[in-house]
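Visitor: I'd like to learn how to read a fold step by step. Could you walk me through one?

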Amino acid sequence: MLSGPRLILRAIERDDLPRYVQWMNDPEVKRHLLPLPPFNFDDEIEWYESQRKDPSALNLAVVLKADNRHIGSVSLNHIDRQSQKAELGIVIGEKAEWYKGYGTEAIRLMVAYGFFTLNLHRIYLIVDADHTAAIRCYQRCGFKEEGRLRQNIYRQGRFEDQLVMGILKPEYREEMNTDYVR
Ligand SMILES: CC(C)(COP(=O)(O)OP(=O)(O)OC[C@H]1O[C@@H](n2cnc3c(N)ncnc32)[C@H](O)[C@@H]1OP(=O)(O)O)[C@@H](O)C(=O)NCCC(=O)NCCS
């Protein structure tokens, strides 16, 4: 379990899965995620079982310390031990909790875990170029824009640009609050 000022990150339990089904079928939540067809509980169980066995994936539940409420999920995927890199993913599924700084805190915790426990060197992500809140959140966590993937994703009838963003371990030391280093 990882602990920050207002959040804990813990393993995902089976009881959490219905919330993922709800979030992943919410058009506002999935607006900027990888396009998924309608998603049911069986799909969720299948995903849960496969990611638990996958050594290149780490998915954790984001939980509020104040009331123990599960509000989202943060992940490292494509963990590559040789090149010491992984791709970060984040979903705050409870929309009432958006823009309160929880996304930023969850990312900081996961990035610290990636660098200082998993010994990663690079953490990267791909984000829609018009996803202002997410980009702001990643910048606050020390991610830098590394490139623009022109018309990289087809959404709602048009091709949209995406950005590649990344943070390297030495940059983290310079930029991040050391409270998150465990
Ligand atoms: C993107 C997401 C993770 C951000 O999490 P969050 O907890 O809302 O983010 P934070 O509150 O930590 O930071 C959001 C930033 O956007 C700013 N912001 C607030 N309201 C905003 C709005 N309506 N539009 C754009 N930016 C806004 C905030 O001010 C904050 O920046 P600041 O800290 O400099 O003030 C969350 O909205 C989410 O899970 N969305 C759905 C899934 C998703 O899109 N995931 C990312 C895929 S790349």
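Guide: We'll go from the overall fold to one helix, then the core, then the ligand shell. Keep in mind that this is a predicted model.

Visitor: Fine. How many helices and strands are there in the protein?

Guide: Six helices and eight strands. Following the sequence, the pattern reads β-β-α-α-α-β-β-β-α-β-α-β-β-α.

Visitor: And what about the radius of gyration of the protein?

Guide: You hold it against what a compact globule with that number of residues would have. For 182 residues that is near 16 Å, and the protein has 16 Å, so the two agree. The C-alpha trace spans about 40 × 40 × 35 Å along its principal axes. As for contacts between residues at least 6 apart in sequence, 57% of them join residues at least 24 apart.

Visitor: Let's zoom in on a helix. Which residues of H1 are buried?

Guide: Start with the general idea: an α-helix has 3.6 residues a turn, so residues three or four places apart point the same way. In H1, which runs over residues 17-24, the buried ones are Tyr-20, Trp-23 and Met-24. They sit on the same side of H1 because their arc around the axis is only 90 degrees.

Visitor: What covers the buried residues of H1?

Guide: The cover includes helix H2 (27-30), helix H3 (41-53) and S5.

Visitor: Now the core. Which residues have the most contacts inside the largest nonpolar core?

Guide: In soluble globular proteins, nonpolar side chains tend to be buried together. Here the largest nonpolar core has 38 residues, and those with the most contacts inside it are Leu-9, Val-62, Val-74, Ala-106, Ile-107, Met-110 and Val-111. H4 gives the most to this core, with nine residues.

Visitor: Take Leu-9, then. Which residues is Leu-9 in contact with, beyond four places in sequence?

Guide: Its partners are Met-1, Leu-2, Leu-60, Ala-61, Val-62, Val-74, Ala-106, Leu-109 and Met-110.

Visitor: Last stop, the ligand. Which residues come nearest to the ligand?

Guide: A handy way in is to list the neighbours, then see which elements supply them. There are 21 residues around the ligand, and Ile-92, Gly-103, Thr-104, Ala-133 and Ala-134 come nearest. Strand S5 (85-92), helix H4 (102-116) and helix H5 (132-140) each give two or more residues to the shell. The largest share, six residues, is from H5.

Visitor: How do the residues of that shell divide into nonpolar, polar and charged?

Guide: Twelve are nonpolar, six polar and three charged.

Note on methods. Residues are numbered from 1 along each chain as its sequence is written. This is a predicted model: local features need pLDDT of at least 70, side-chain atom pairs count only at pLDDT 80 or more; totals for chains, interfaces and linings use all residues. A residue is near a molecule or strand if its C-beta atom, placed from the backbone, lies within 6 Å of it. Helices (H or I, at least four residues) and strands (E, at least two) are DSSP runs, numbered from the N terminus. Ala, Val, Leu, Ile, Met, Phe, Trp, Tyr, Cys and Pro count as nonpolar, Asp, Glu, Lys and Arg as charged, and the others, Gly among them, as polar. A residue is buried if 20 or more other C-beta atoms lie within 10 Å of its own, exposed if 12 or fewer, and partly exposed in between; C-beta atoms are placed from the backbone. The arc is that of the directions from the helix axis to the C-beta atoms. Two residues are in contact if their C-beta atoms, placed from the backbone, lie within 7 Å. A nonpolar core is a set of buried Ala, Val, Leu, Ile, Met, Phe, Trp, Tyr and Cys residues joined through C-beta atoms within 7 Å. The radius of gyration is taken over C-alpha atoms; the globule rule is 2.2 Å times the number of residues to the power 0.38.
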